[in-house]
Amino acid sequence: MLATESALGYSQVLATTTGKSLKGCSIVAGLRNLRDREGYFLADAVGEGRWLLIESGLSFATPSESAYHRRFMRELFGLQIGLHVASQDLKDLYVTYEWPVCCMVRHFGGATPIEADGNDVIARAGGMPIAVRKKIGRGGIVYIGTPLGPLLPSGDREAIELARALTEASY
Amino acid sequence: MKKSIGDSLIPQSLSLELGLELIRNAGFDGVELWLGAKPWFQMTTTDAELRVLAARVRDAGLSVSNVSNTLDWNENVSARDPRLREAAVRHIERQLEAARIFQTDAILIVAGVVTSENPYNEVYARTVDAMQQLAPKAAAAKVRIGVENCCSEQRFLLSAREFALFLDDVNSPWVGIHLDVGNIHDTGFAEQWIEIHGPRITRIHLKDVLRHRGRCGQESVYTNIFLGDNDWKAIRGALKKVNYDSWLIAEMERTYKFAPDQQFYDTSAAMSRLIENRL
C-alpha cells in the first residue's frame, strides 16, 4: 500500500511538471523488496545509463523484507543501508535536503540511514545521512531513506518542490 | 525573526512612555498596538494623534510589528445585526489606515464568531463575504489582513485544513492567517498549522497552553512560553521549514501576581531561546 500511495504522489507532481521531467530517470516508489529478476533489470538499466530514484519503504517493512532490501542494495548498488530508525528515535522531526534544492521535509514513519561511504550525501536527519546520490556505470541512483511520495498529495509545499526538483534534475 | 509584545500587556500603572521603555529594556524589537485596548489608541484617536504615537514608539527604539484590535468580539463581520457588521468593517478599515501610519504591513482581526444564535453556516458565508470586500482595501493599503485562529473562543475554523479552505474561498493574497500557537488547545498541533499555512502566515502570536484543561473551561488554559504543553522544538522546526522570518509576538495573560514587569523580561528571554533554537 505504501508504494501505491507513494507512486500516486509522484504521479500527481509529474502531472504538473515540465516536459523535461524524468529524462533518463525512473522512480522506484516506497521500495521494500523485489524479486531478483526485477532487481537485476534495474541494475542493468543503471549500468546502461539510467538513473533510479529509489525511495525506501522500510518504514513499514517486515524484518525479512528489510534484510532483503539491505542485502540487495549492498550487492547490486554498493550501498550500505542501516537499520531503520523509528520517528521517536530520530533527533529531528525533519530531513534537511541540500540537493537538488535546500529544504526541510518531515520524515514519514522514521528514516533509513545510509553510509556516506564516498557517496554524495544529499540529505540528513539527526546528523545521519538519509539520502545519497551515487554514480554507477553510465547511470546512477538517488536513494532516499524515507518516503517522500505520501507527503505530495497532502499539499506539503517543500515536499512538492523537492519532488519536482528531483524529477527535473540533471543527473 | 524579531520579537514583539502587545501594548495591551503594559501594566495599568504605567504610562505609554514607561510601558514602551519597559518593552525596549526587556529586549523586544517591536510593539503590537491594539486598537481599543488602551487610551492612546481608540476609534476616536485622530490621524495626527496616531502620528504622535508612531513617533513615541520610534523614539523608544521600537517598531510597530502589527495592528490588532479588541473590538471584534463585540462588533464582528459575521454578526447578524448589519450595524455591528458595518462597525466591524469600519474598525478594520481604521486598522488598515493606522498600519500605514505606523509603517507596518499587517493587521490582526478576529473574523467570525459562532454562537447559539449565530450559526456556523451563516457566520462562514458572512465572514468570507466581508473578507472579500476588505481584501481590495488591504491591497490598496499594502497591508495584509491576518485572520487570527481563536478556534475555541470563536467555535469557528477549528482545524488547519478548514482554515486553509476558508482562505481559499476568500482567495486573496492580502488575507492570510495570524497564527496563534497557543490557541489550538487540545484539538491539534501548532507545528502542523505552521506547515500547512506557511506563506499565508502574516504574523505569529506566542503563548503556551495547558492541554489537560481542555478548551475554555473555568480555568485558563493559557500560560507563559515553555510552561505548557506546546512542543516548542517542533514549532521551531516548522518555522524553519516554512522559512518564517517575520515577527513573533508575545500574547499572553498577565500571570504575575507580583512584579508584573518581570513577565516582559522572562518572555523576551524565552523568545530569544526559541529564535536561537536553544531548546
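This tour visits a sheet in chain A and then the overall build of chain B.

The model is predicted: local features need pLDDT of at least 70, side-chain atom pairs count only at pLDDT 80 or more, and totals for chains, interfaces and linings use all residues. Residues are numbered from 1 along each chain as its sequence is written, while chains are lettered from A and ligands numbered from 1 in the order in which they are written.

**Chain A**

Select the open sheet of 7 strands in chain A, whose order is 1-2-7-6-5-3-4 with mixed pairing. Strands (E, at least two residues) and helices (H or I, at least four) are DSSP runs numbered from the N terminus; two strands pair if DSSP finds at least two bridges between them. At the edges stand strand 1 (25–31) and strand 4 (103–106) of chain A, each with a single partner strand, so one side of each has no neighbour in the sheet. On average, neighbouring strands of this sheet are turned by 20 degrees against each other, direction ignored. Axes are lines fitted to C-alpha atoms, for helices over the stretch in contact, and angles run from 0 to 180 degrees between N-to-C directions.

Next, select residues 94–97 of chain A, which form strand 3; 4 bridges join strand 3 to strand 4 of chain A, and the two run antiparallel. A:Val95 has A:Val105 in strand 4 as its bridge partner.

**Chain B**

Move to chain B, which holds 9 helices and 10 strands. Its C-alpha atoms fill a box of roughly 45 × 45 × 35 Å along the principal axes. Of the 279 residues in chain B, 46% are buried (20 or more other C-beta atoms, placed from the backbone, within 10 Å of the residue's own).

Conventions: Buried ≥ 20, exposed ≤ 12 C-beta atoms within 10 Å, placed from the backbone.
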